[in-house]
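Hello,

Here is the structure for you to look at, with its sequence. My notes on some helices and strands follow below it.

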Amino acid sequence: MRILHTGDWHLGKTLEGRSRLREQEDFVDELVRLADEQQADAILMAGDVYDSVNPPASAEQLFYEAAARLTEQGRPLVVIAGNHDQPERVASVTPLVNRQGITLVGMPTSEAVTIHAKRTGETAQIAALPYPSEARLNELLTTDGDENVLRQAYSRRVGMLMQRLAASFRSDTVNLAMSHIYVLGGVESDSERPIQVGGAYTVDPSALSTGAQYTALGHLHRAQAVKGDGVIRYSGSPLAYSFSEAGQSKSVTMVDLAPGGAANVEEVLLTSGRALVRWKARGGLAEVYRWLDEGRDPQAFIDMEVWLDDAMSLKEIQQLRKSHDGIIHIRPVYPEMAAAGLLEQRSELPVHELFRKFYQRQTGGALPEDSLVQLFLELVDEDEPGMREEVEGN
C-alpha cells in the first residue's frame, strides 16, 4: 500500500493581509497530480485544514474540491481536525462524503479508521487522533498547576487514547497512526500557533508507541522525522506561512507499506507557492535597487532590512513597493541602532520602542510625539510582535 501523507494546509491564511488562495489552489492542483503520478492508494491529511475556526467560504470550497478530486478514482482520504480547525465544522459534511471514501474525524474518538486500497486489495487500520486539547477531550487532566505535572498527564492521556485506537491493529493489515500534536524534539516555526502553555501541551514520543508501522503527524510546519519507536514524521506545511520558514523546502511524504513490513519513506518536494525570503541590504538602497534591477526573487515575498544613514522618505518607500509587489516588510537599520546594540534586541522589543530609543539618541533625549511614532509604524508597515495571534482557546 502506498500512502501520501500531508497536513497543515491552513486554507484561508493570509500573509500581512495578502491572500494566499491562488497559491493554495496551485498546491491542490500539484497534490492531485502527485497523488496520481505517485500511484497513492490513500491520502492522510494530518490536521489544520483551515487557518481559523471560521474560515472564508473560498477556503471551504477549495477543501471540498480538493477532497472530491483526490478521491475521484476511489482513493480513500482520511482527514483529522487540527488545533486551528473547528472540529464540528470539519466533520459536518460526513453524511455527504462517507460513500465517496472520505473520512473526516473532528473530535477524538475510541474507534480506529479502516480503509481499503483498491489497487493492492490491502486493508489499513488507522489510529486517527485529532488535536486533543482538554476542551475537546472534555476533561480536566490535572488540578496541579505545575507544568511538568500537566505535561506528564497530557502525554499519558494521549498515550491511552492512541493505545485504545491501536487495539484494532492486526497482523494482516497495514497499521498506521495519525495525530495533530507537538511531540517533544520537533522544531517549530513562528507560523504555528502554540498548542501548549510553556511545554505543558507537548507529548513525549513514548506516547506514540502503539506498534504502528508509520505515524503521520501534523502541526509543525517543517517536514521532519521525530525520534521514537517506529517511524514518526511530520509532513510539514505545503506553503511557507511565516518568514521563520524562509529557505525551507516544502514537501509531502510518500510511504510504502505492507502488513508486518517496515515503512519505506520518501520525501517528494513541492514546487507550488511563492517563496518567503529575507533581504539584508547592508549596502543601503543602492544595493536594494541593484537587486531589483537584476530581477532577484521576482516571485517571492520579501522581508527586508536596509542599512541607512538617513531616514527614508515616503516617496522612497512607495517607490520600493511599486518596484516589487512581494515586499512585505521594510525595516531600516541605522548605525546608531547597531552601535547601541539595538539590532540584537529587535526580536525582543516592539518596533515602536526601537524607534523611540533611536529618536532619543538622535535628539539628545527628547521623546517623540505619538503621532510621529504612528507615522513611522505606517511607513515601515510593521506589526508589533506582541500583536500576533496567541493560543486558540479550544
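In this predicted model, the axes of helix H7 (residues 284-293) and helix H8 (residues 314-323) come within 11 Å and cross at roughly 20°. Axes are lines fitted to C-alpha atoms, for helices over the stretch in contact, and angles run from 0 to 180 degrees between N-to-C directions. H7 is therefore roughly parallel to H8, a label for angles under 35 degrees. Helices (H or I, at least four residues) and strands (E, at least two) are DSSP runs, numbered from the N terminus.

Leu285, Val288, Tyr289 and Leu292 in H7 touch Glu316, Gln319, Leu320 and Ser323 in H8, where contact means heavy atoms within 4.5 Å.

For helix H1 (residues 21-37) and helix H2 (residues 57-70), the axes come within 10 Å and cross at roughly 10°. These two helices, H1 and H2, are therefore roughly parallel to each other as well.

Strand S16 (residues 301-307) pairs with S17 in the parallel sense over 6 bridges; pairing requires at least two bridges found by DSSP. Methionine 304 has isoleucine 330 in S17 as its bridge partner. In strand S17 (residues 327-333), 7 of its 7 residues are buried, meaning under 20% relative accessible area with a 1.4 Å probe, protein chains only.

Residues are numbered from 1 along each chain as its sequence is written, and side-chain values use heavy atoms, without hydrogens and water. Local features need pLDDT of at least 70, side-chain atom pairs count only at pLDDT 80 or more, and totals for chains, interfaces and linings use all residues.

Regards

Technical notes:
Parallel < 35°, antiparallel > 145°, perpendicular 65-115°, else oblique. Buried < 20%, exposed > 50% of the residue type's maximum accessible area, 1.4 Å probe, protein only.
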